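Hi there,

Here is the structure I promised to send over.

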Amino acid sequence: MTVYHLDTSLNAISAGVDWSETKERRLPGSGMGKDFWYCTDADRAPLGQLPAEIRNEIDAHWALSFARNDNLPDTFRTLKSAHFTGAPFARLGVCEVFQHFADGNCEIIPIRNFWSLHDNKEVPVPYFVANVFNAAALLDPRLTKTRPVKNPKIGNIRFLPPSLSEKIFVRKDQFSGRHLMRDAETSEWFCDDVFREAIENVTPGTYEFREANLV
């Protein structure tokens with residue numbers, strides 16, 4: 001069995017996504033009162049089904065694309081917990097591959113309001129959030145070095161710095177028989193060859209696969 005640390009290729013992301021109450025980009029420092037909401041605030045959405053409050057806010061707010069409408073990517077998000085628990089913002093076909101291999105622990109949420117800042121028009125292609133919460137204690141804490149982050153909303157959490165991404169040790173007993181998993185402590189993504197082949201058939205070159213060490 002081969003297990004990979006899964007990430008999004010930087011070459012596959014043409015532009016980022018922001019969020020706002022209108023079709024205009026929120027100015028820095030604005031809207032910071034008690035009702036302030038920012039959709040990439042992963043602290044409010046730990047691994048698991050999204051709370052109704054956040055789902056309602058996704059419906060009510062605008063996702064703002066910086067890509068050209070004639071050059072839209074298959075996915076907008078990197079698979080990092082700093083971005084909405086790492087959920088890919090992707091075309092439906094991509095999201096369905098994630099859903100298929102998530103052992104029922106996934107929800108696909110439509111982005112109803114999607115606006116192109118570049119073209120000043122609505123994005124013509126439907127995109128979705130693939131919220132995968134198929135998780136287990138995958139990383140071996142004795143061999144894989146993580147770092148703490150002080151999080152005032154959900155307590156102290158740990159993350160895997162990019163500089164240590166080549167020194168990942170995964171417990172194969174936790175991954176056995178599964179194809180797409182997330183580490184419960186760091187939210188990092190892992191997959192096997194079965195998922196790799198399936199996602200490459202749908203969107204070749206979009207994702208990066210770094211082989212992890214098995215223990």
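Asp18 counts as buried, at 9% relative accessibility; buried means under 20% relative accessible area, exposed over 50%, and partly exposed in between, with a 1.4 Å probe and protein chains only. Before going further, please note that this is a predicted model, where local features need pLDDT of at least 70 and side-chain atom pairs count only at pLDDT 80 or more, while totals for chains, interfaces and linings use all residues. Residues are numbered from 1 along each chain as its sequence is written, and side-chain values use heavy atoms, with hydrogens and water left out.

What does the side chain of Asp18 meet in a salt bridge? The partner is Arg25, at 3.0 Å from N to O. A salt bridge here is a side-chain nitrogen of Lys or Arg within 4 Å of a carboxyl oxygen of Asp or Glu.

**The strands around Asp18**

Asp18 belongs to strand 2 (residues 17-20), which is covered on both faces: Val17 and Trp19 are buried on one side, Asp18 and Ser20 on the other. Helices (H or I, at least four residues) and strands (E, at least two) are DSSP runs, numbered from the N terminus. In a regular strand the side chains alternate between the two faces of the sheet.

Strand 2 pairs with strand 3 (residues 62-65) in the antiparallel sense over 4 bridges; two strands pair if DSSP finds at least two bridges between them. Asp18 stands opposite Leu64, and Ser20 stands opposite Trp62. Strand 3 is buried in both directions too, with Trp62 and Leu64 pointing one way and Ala63 and Ser65 the other. Strand 3 also runs parallel to strand 6 (residues 114-116), joined by 3 bridges, and there Ser65 stands opposite Ser116.

**Other salt bridges**

The count comes to 9 salt bridges. One of them joins Arg68 and Asp70 at 3.0 Å, N to O. Arg68 is partly exposed, with a relative accessible area of 40%, whereas Asp70 counts as exposed at 59%.

Asp74 and Arg91 form another, at 3.2 Å, N to O. Asp74 sits in the loop between strand 3 and strand 4 (89-90) and Arg91 in the loop between strand 4 and helix 2, so the pair ties together parts that are 17 residues apart in sequence. Both are partly exposed, Asp74 with a relative accessible area of 26% and Arg91 with 25%. There is also a network of salt bridges that links Asp7, Glu208 and Arg210.

Helix 2 (residues 92-100) has Val94, Cys95, Val97 and Phe98 buried. Down the axis of helix 2, its buried residues fall within an arc of 155 degrees, so they line one face of the helix; the arc is that of the directions from the helix axis to the C-beta atoms.

Thr144 lies in the loop between strand 9 (135-136) and strand 10 (147-149) and is buried at 4% relative accessibility. The side chain of Thr144 reaches the backbone nitrogen of Phe169 at 2.8 Å. Beyond its neighbours within four places in sequence, Thr144 is in contact (heavy atoms within 4.5 Å) with Leu139, Leu160, Lys167, Ile168 and Phe169.

**The whole chain**

The chain holds 4 helices and 16 strands, and buried residues make up 48% of its 215 residues.

Happy browsing!

Conventions: Polar contact = N/O pair within 3.5 Å; in protein donor to acceptor, adjacent residues only side chain to side chain.
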